[in-house]
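Hi everyone, thanks for coming. Have a look at the structure on the screen, and I'll walk you through a few spots in it.

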Amino acid sequence: MKHEMENNNTHLKITALKLLHFGISLALFYVFWLLFRYHRLNVVRNSRFRYNYFILGAYAAILFFFIRTYNAYLLGYTRIRTMVFAQIISQIFSVLLIFVSVSIGWQKIRSPWVFLILLPLQFVVDVVWSWFANKYFFRINPTRKTILIYRNQLDKKRFGTIKGKPSERLYKITEEFQYNGNSFPEIRERLKGFDAIFVAGVNSRCRNGIAKYCKEENIPGFFLPHVGDVIMQEAQHIQSFDSPVLFVQRSYLKPEYAFVKRAFDIFASLLGIIILSPLMLITALAVKLYDGGPAIYKQVRLTKGGRKFNIYKFRSMRVDAEKDGVARLSSGDRDDRITPVGRIVRKCRLDELPQLFNILKGDMSIVGPRPERPEIAEEYYKKMPDFRLRLQVKAGLTGYAQVYGKYNTDPYEKLEFDLLYINHMSVLTDLQLMFATFAILFLPESTEGIEEGQTTALNEEELEK
């Protein structure tokens, strides 16, 4: 009971901090909005205040959407600069959408100078709030003594990403225990005295015991999921039986969602091709003029149902990059096959732009699993037959794995990311992932390549353990 009250008090304090920032952001916007529409006479006087409140409400809804999309209030788990970036990018998109909307409604584009003053002031608020809120968060959330339970080095490595990040201040791993098929009663005593538990690679029976222990002792437990766990997230409770039954089947797009998704793919790809055509032309010329080779290359990839198609990309490597006939992923900055022009093209993600034509043709969607090469996919299938589950939907230009993972993300984790998307497919999820994609353009680690000597992201040595 005491722990529950402490948790509730902590939650209320953090929520109050977030509401304070959100309220200040709305207040700042409202003041500058009034300056923006000052002397606007074509709005009926009686509806002036209601119109202002409507705009404020629209801004609040849009800002809330972007804050959720970019995890702008993720205190304790991200760096201050990451939170500030997420907040300011949320505000920029929100202001931009309001500006475009009212300009269309008024049939006139007015000078945005007022908003150009708003955003620097908002940035100062973001920096001050993030610094104070982060400091206060760790003040009311003491470091938790944590035990890590893992099966092999691969599991340990996956949880090792916590080290060097803000969350390490919150969860300090003071003991590691390698799991060797132990039953839960055998390790229960070992868990006593810890304030948090990290679990990876433990069998379901023992893991269920640890999960129950976390509930009973009111301590947080963090579990790396198995593919089966992710699949069960979409299970539906069937009430036609006397016992609780969970129903699972192959994922598919409902007709109405499939129609909206395809219609949006066509609209967005056409719009993107029109707007970005000058940039694509410049990129094509730069690639062509560097070594005289083709600007665009085609490569066979897999999409829904394992169907093969030719993906279009701007060439960033030498023409003879795979002269040995071996299909391999890039090792990033260390890859000598990448041309000087190609390094710039890859860094700015310009090599992906021709895929808009794949989307327009229907081979790909804006959002979906990353399309793999058949040769590399076959290597993954040998170790992980479940990797085929990604092919339940069309391949995509962006998605969970592309946004929250990296180029060299382990294929098992990539599969889990893609299944998470397949479980939660919706128009709102697609919109969030599209906007979230913009943020990763500023994260160079998202393009990290594989290690030298590897041809895929599969670490076979660790998988064998």
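Predicted model: local features only at pLDDT ≥ 70, side-chain atom pairs only at ≥ 80, totals over all residues.

Let's start with Glu 175 and Arg 190, which form a salt bridge with their closest N and O atoms 2.8 Å apart. By salt bridge I mean a side-chain nitrogen of Lys or Arg within 4 Å of a carboxyl oxygen of Asp or Glu. Glu 175 sits in strand β2 (residues 171-178) and Arg 190 in helix α7 (residues 184-191), so this pair ties together parts that are 15 residues apart in sequence.

Residues are numbered from 1 along each chain as its sequence is written, and side-chain values use heavy atoms, with hydrogens and water left out.

The cut-offs are under 20% for buried, over 50% for exposed, and partly exposed in between, using a 1.4 Å probe and protein chains only.

Next pair: Arg 315 and Asp 291, whose side chains meet in a salt bridge at 2.7 Å, N to O. Arg 315 counts as buried, because its relative accessibility is 6%, whereas Asp 291 is partly exposed at 36%.

Then there's Lys 313 with Asp 351, another salt bridge, with the closest N and O atoms 3.8 Å apart. Lys 313 is in strand β8 and Asp 351 is in the loop between α11 and α12, 38 residues apart. Lys 313 is buried at 7% relative accessibility, and Asp 351 is buried at 5%. Over the whole structure, the search finds 13 salt bridges.

Which residues does Leu 350 touch, leaving aside neighbours within four places in sequence? Leu 279, Thr 283, Phe 314 and Val 345, where contact means heavy atoms within 4.5 Å. Phe 314 is 36 residues away in sequence, yet the C-alpha atoms are 7.4 Å apart.

Now, helix packing. Two packed helices are described by the angle between their axes and the distance between the axes. For α3 (residues 80-106) and α4 (residues 113-140), the axes come within 9 Å and cross at roughly 150 degrees. The axes are lines fitted to C-alpha atoms over the stretch in contact, with angles from 0 to 180 degrees between N-to-C directions. That makes α3 roughly antiparallel to α4, since angles under 35 degrees count as roughly parallel, over 145 as roughly antiparallel, 65 to 115 as roughly perpendicular and the rest as oblique.

To zoom out, the protein has 17 helices and 10 strands, and of its 465 residues, 45% count as buried. That's me done, thanks!

How values were computed. Helix = DSSP H or I, 4+ residues; strand = E, 2+ residues; numbered from the N terminus.
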